[in-house]
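Biologist: I would like to learn how to read a sheet, the helices against it and the packing around them. Could we go through these step by step?

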Amino acid sequence: MKPACLFLNKMPKLKRRLLLTGLLLLAVSSASWFAIFLLHSSEEQGSPSNLGRLSASPPTPHITLPVDSGPYHNWQLFAADFEDMIQSFKIYVYPTNYASSSFASSASIFLPHPNPFDPKLGNYFSEHMFKLSLLSSSLITTNPEKANLFFLPFSVNLLRNDPRVHSEPSIADFVARYTTSISQDFPFWNASLGSDHFYACCHSVCREASSKHVGLRNNAIQLTCSSSYFQRFYVTHKDVALPQVWPRPPQHALNPPHARDKLVYFAGRIQNSNIRQQLVDLWGNDTYMDIFPGQPSYPYEEGFRRSKYCLHVKGYEVNTARVSDAVHYGCVPVIISNHYELPFANVLDWSKFSVIVNNGDVALLKRTLLSITRRKYMSMYHNLCEVRRHFVWHETPKGYDSFYMTAYQLWLKRSSLRLSS
């Protein structure tokens, strides 16, 4: 202490005052920071202090960590929105027997299929089940003024099988005349230029059906199984992907993963797909991969039950029922179909229960699948079990089945903009 005092005494008076002032300011600053530290510590511990009484700060907000949504992007958000849809969404179906209708002789084209579970319907099952489910649902309204959307109930599949129409140009003519009749006999089409109207189809000629009516093609919502954003007449932000489902018997107990002794399964025609031909050339003789150019050597469904991964490969169209078949039988889908807008993709995170392979990477298929860890595979398998309920149709829709999941997609497309009718 004495050396310090002697040092200060020897300093010039001005420098000594400046030094003492600086030391005083440093002491005050240190005391202030120490006080702030005590205040912060007392608030974090929830204990009162003299400093805390002078300046009380608001409590730190509670942060909720994200919850695992399983196979969904965000289950909580979707479930709340879905409930809102169930309570408020209304659809009006145009009648086929109104007074000025010139389509009375074609009434069957607009009515539900008398036997939608007929195995011969195959690829068109979803088209018919959507209409049947809609008419049995709580979403129907008989008051068009309360409707959010309007359904045009013609069936492209039935038109295709009607000898009076049949051809693609004739189907397009029929649909154009029908849509024009609707716009003339009802005020609702013109109120939105058709943007709140929709139709459903799963036939491969579906796109051409709207080709001769500009408003139907450009404005109305196309609900279709052939949901390729690379094809003409399908507009991603306007149209909706319909899951292509075959009527399969219920599978209450799935084959567990340890009982699936094959890595891959595929069976189908190769004439309309270079990618399928490439698969057969590469892996047709692989004993760990069952890939058949046509019918397999055992029942078709058995391949889905005994395999870990089942291939959906683009044929003439991007879509086939193999995706829903794989889901139905608990086989993780491997999707090799560029530009395919997968059903319910804004709700389901397909990467959590399927494998998507680019068409150009077919040669790497086996290496890609073998690189998936058992933990990852088990996660995909369990997520797949959760989404199975979304790929089932019921005559009277229920829960989160194919109908209500599709209706939710339509609900998201509804518009609040409508001219006065």
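Biologist: Which residue stands opposite Ala241 in E5?

Modeller: Bearing in mind that this model is predicted, Thr224 is the residue that stands opposite Ala241 in E5. Strand E4, residues 221-224, is joined to E5 by two bridges, and the two strands run parallel.

Biologist: What is the order of the strands in the open sheet, and which strands stand at its edges?

Modeller: The five strands follow the order E1-E2-E3-E4-E5 with parallel pairing. Strand E1 (91-93) and strand E5 (240-241) each have a single partner strand, so one side of each is left without a neighbour in the sheet.

Biologist: Which strands does helix H5 lie across, and which does H16 lie across?

Modeller: Helix H5 (residues 125-135) lies across E1, E2, strand E3 (197-201) and E4, running at about 130° to E3, whereas H16 lies across E2, E3, E4 and E5, at about 165° to E4.

Biologist: Which residues touch the most other members of the largest nonpolar core?

Modeller: They are Phe130 and Tyr309, in a core of 70 residues, to which helix H16 (residues 402-413) gives the largest share, seven residues. Beyond its neighbours within four places in sequence, Tyr309 is in contact with residues including Leu263, Tyr265, Val355 and Met380.

Biologist: Is Ser155 buried or exposed?

Modeller: Ser155, in the loop between strand E2 (149-151) and helix H6 (156-160), counts as buried because its relative accessible area is 2%, and buried means under 20%. The side chain of Ser155 reaches the backbone nitrogen of Leu158 at 3.1 Å.

Methods: Residues are numbered from 1 along each chain as its sequence is written. This is a predicted model: local features need pLDDT of at least 70, side-chain atom pairs count only at pLDDT 80 or more; totals for chains, interfaces and linings use all residues. Side-chain values use heavy atoms; hydrogens and water are left out. A nonpolar core is a set of buried Ala, Val, Leu, Ile, Met, Phe, Trp, Tyr and Cys residues joined through side-chain atoms within 4.5 Å. Buried means under 20% relative accessible area, exposed over 50%, partly exposed in between (1.4 Å probe, protein chains only). Helices (H or I, at least four residues) and strands (E, at least two) are DSSP runs, numbered from the N terminus. Contact means heavy atoms within 4.5 Å. A polar contact is a pair of N or O atoms within 3.5 Å; within protein, one must be able to donate a hydrogen and the other to accept it, and residues adjacent in sequence count only if both atoms are side-chain atoms. Two strands pair if DSSP finds at least two bridges between them. Axes are lines fitted to C-alpha atoms, for helices over the stretch in contact, and angles run from 0 to 180 degrees between N-to-C directions.
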